Amino acid sequence: MSEANDRTVLRIENVTASYGEAQVLQGVSLDVGAGEVVTLVGRNGAGKTTLLRCLMGLHRPASGRVELDGRDITKLPPHKRCKLGLGYVPDDRGIYSTLTVEENLTLPPRTGPDAWSLRQVYDAFPVLAERRKQAGTHLSGGEQQMLSVARVLRMGARLLLADEPTEGLAPLLVRQIGEIIRTVKEHGVTVLLIEQNIHFAATVADRHHLIAQGRVVESLDNAEVARREHELLEYLGI
Ligand SMILES: Nc1ncnc2c1ncn2[C@@H]1O[C@H](COP(=O)(O)OP(=O)(O)OP(=O)(O)O)[C@@H](O)[C@H]1O
């Protein structure tokens, strides 16, 4: 059970996963509570993306169990997970370059009872309203990330799985991502994100799981991250 929250939304129990002969997840277990922002931190190749892909149904675990609101979703295909409120923001953001912002937002079907209206999206992210007629690729990196997040909220996500949204972004844009995550949290959405920038992670998240060689090796709160920042940065090779 999550210590920080009395309602567990996502429960991951002993998940293992392989690519061919290579086992990359060695039995990951963790919980995420309703409305929490939780990060997965770890070196390149630790298995973070594979874990998110297992949660979204894009990679099948070899063993273990994934529960959403107490329901076993381990074997459900991705579209059924979408319907139950999972939303995946991949590291390439998945924006359609030839479509406008509004077309990017409205192309995917709205799947769940929590799907946001366009009005809600534009109220939460006014920049997207201003840019709604522009092609997705004319947006800055931070705005593209915003569009990618907004699109899954419009589809009905209430648990966002985000693969390193700050990767490759300049400090100003990283701050914008922080605003996006805070906005999402204020709307009651739960977030599990991969984040290498431990300093940034401590400003947006409630808890952090350090992943190494396919396992959760430590779980930290913000105070502990602040206290051990230098050691963690060195460990992550940043
Ligand atoms: N499609 C694939 N086929 C074979 N091996 C893969 C595949 N995808 C990832 N791997 C390997 O699995 C391991 C875990 O990769 P994963 O992408 O999950 O790690 P990560 O922690 O997200 O790191 P990164 O930030 O570099 O993506 C790595 O050794 C990687 O090379």
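## M56 in helix α1

M56 lies in helix α1. Helices here are DSSP runs of H or I with at least four residues, strands are runs of E with at least two, and both are numbered from the N terminus. This is a predicted model: local features need pLDDT of at least 70, side-chain atom pairs count only at pLDDT 80 or more, and totals for chains, interfaces and linings use all residues. Residues are numbered from 1 along each chain as its sequence is written.

Is M56 buried or exposed? M56 counts as buried because it has 20 C-beta neighbours inside 10 Å. The cut-off for buried is 20 or more other C-beta atoms within 10 Å, with C-beta atoms placed from the backbone. Beyond its neighbours within four places in sequence, M56 is in contact with P78, R81, L86, Y88 and L161. Contact means C-beta atoms, placed from the backbone, within 7 Å.

## The sheet

4 strands form an open antiparallel sheet, in the order β2-β1-β4-β5. Its edge strands, β2 (22-33) and β5 (71-72), each pair on one side only. Two strands pair if DSSP finds at least two bridges between them. β1 (residues 8-19) and β2 pair over 9 bridges. Y19 stands opposite A22 in β2.

Helix α1 lies across β1, β2 and β4 (63-68). It runs at about 65° to β2, an angle between N-to-C directions, on a scale from 0 to 180 degrees, of axes fitted to C-alpha atoms.

## Around the ligand

The residues around the ligand include Y19, V24, K48, T49 and T50. Each has its C-beta atom, placed from the backbone, within 6 Å of the ligand. Helix α1 (residues 48-56) gives the largest share of this shell, 3 residues.

Conventions:
Buried ≥ 20, exposed ≤ 12 C-beta atoms within 10 Å, placed from the backbone. Contact = placed C-beta atoms within 7 Å.
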